[in-house]
Amino acid sequence: DSGYDFSVFVTAPPGDPNRLLVVERGGRILLRKNGVRQDSAFLNLSAITDPSTGEFGVYSIAFHPQYATNRRLFAYYADLNGHSQLAEFQADATLDHADPSSWKPILSQVQDPASVHYGGLITFGPDGRLYLGLGDGSPGDSVLLAAQDSGSLLGKILRLDVDAGTP
């Protein structure tokens, strides 16, 4: 299908055979409903990221296992400063759009502005926890030892309980 700009991830809400979401690195998350791309973005995060700078952009989204009833979804992206961000958003009652102003921060990780290793995948596991593959933050061809540093979140798979207090 034409009309997509640097698509980096595709997913669907749990148990919903009618919706497919396409994540563009530039910040738009587009909805295909019943096989037809909708005219307006499901969620537009282009104001909080700038993919023209380094490796910034939106990497993936994940729908809460009970999305059909609680309308919660999560996005992982590099913000305007190049830092890793995990945030929660709320979809409207139609499940066809999410409101950018419903943004709720979950995790923020400072990254080197020249970083090219952001990681990128967020997904819910069978245990109901949200998993985030956080890159090691290495800039360009440099090697950082953050992944071997147990005191650093960089270069780790993080497991977050988004249903109990502050994750």
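In this predicted model, strands S7 and S8 form a hairpin with 5 residues between them, and within the turn Gly82 has a positive phi of about 85°. The two strands, S7 covering residues 72-78 and S8 covering residues 84-91, run antiparallel and are joined by 7 bridges; Phe74, for example, has Glu88 in S8 as its bridge partner. Strand S8 is mostly covered, with 7 of its 8 residues buried.

His83 belongs to the loop between S7 and S8. Its side chain reaches the backbone nitrogen of Gln111 at 2.9 Å. When neighbours within four places in sequence are left aside, His83 is in contact with Tyr77 and Ala78 as well as with Gln109, Val110 and Gln111.

Gln90 has Asp99 in S9 as its bridge partner, while Ala87 stands opposite Pro105 in S9. The hairpin of S8 and S9 has 6 residues between the strands, and there Leu95 takes a positive phi near 65°.

These strands belong to an open sheet of 4 strands, which has the order S6-S7-S8-S9 and antiparallel pairing. Its edge strands are S6 (57-63) and S9 (98-109), each of which pairs on one side only. On average, neighbouring strands of this sheet are turned by 25° against each other, with direction ignored.

A further open sheet is formed by 3 strands in the order S10-S11-S12, again with antiparallel pairing. S10 and S12 stand at the edges and have a single partner strand each, so one side of each is left without a neighbour in the sheet. Neighbouring strands here are turned by 15° against each other on average, direction ignored.

Within this sheet, S10 (residues 119-124) is joined to S11 by 4 bridges, and the two run antiparallel. Ile122 has Leu132 in S11 as its bridge partner. S10 and S11 form a hairpin with 5 residues between them, and Gly128 in the turn has a positive phi of about 80°. Strand S11 (residues 130-134) is mostly covered, since 4 of its 5 residues are buried. S11 also pairs with S12 (residues 156-160), in the antiparallel sense and over 5 bridges. In this pairing, the bridge partner of Tyr131 is Arg159 in S12, and Gly133 has Ile157 in S12 as its partner.

| Residue | Location | Phi |
|---|---|---|
| Gly82 | turn of the S7 and S8 hairpin | about 85° |
| Leu95 | hairpin of S8 and S9 | near 65° |
| Gly128 | turn of the S10 and S11 hairpin | about 80° |

Asn34 has a positive phi of about 55° although it is not a glycine, and it lies in the loop between strand S3 (28-33) and strand S4 (36-37). Because its relative accessibility is 53%, Asn34 counts as exposed, the cut-off for that class being over 50%. Arg71 is likewise not a glycine and has a positive phi of about 60°; this residue lies in the loop between helix H1 (67-70) and S7. At 28% relative accessibility, Arg71 counts as partly exposed, because that class lies between the limits of 20% for buried and 50% for exposed.

A search of the whole structure finds 5 aromatic pairs. In one of these, the rings of Phe63 and Tyr67 have their centres 4.6 Å apart and their planes at 65°, so the pair is edge-to-face. Both partners are covered: Phe63 counts as buried at 7% relative accessibility, and Tyr67 counts as buried at 2%. Together with Phe42, Phe63 and Tyr67 form one aromatic cluster.

Terms used: Residues are numbered from 1 along each chain as its sequence is written. This is a predicted model: local features need pLDDT of at least 70, side-chain atom pairs count only at pLDDT 80 or more; totals for chains, interfaces and linings use all residues. Side-chain values use heavy atoms; hydrogens and water are left out. A polar contact is a pair of N or O atoms within 3.5 Å; within protein, one must be able to donate a hydrogen and the other to accept it, and residues adjacent in sequence count only if both atoms are side-chain atoms. Contact means heavy atoms within 4.5 Å. Buried means under 20% relative accessible area, exposed over 50%, partly exposed in between (1.4 Å probe, protein chains only). Two strands pair if DSSP finds at least two bridges between them. Axes are lines fitted to C-alpha atoms, for helices over the stretch in contact, and angles run from 0 to 180 degrees between N-to-C directions. Rings of Phe, Tyr and Trp (its six-membered ring) pair if their centres lie within 6.5 Å; planes under 30 degrees apart count as stacked, over 60 as edge-to-face and the rest as tilted.
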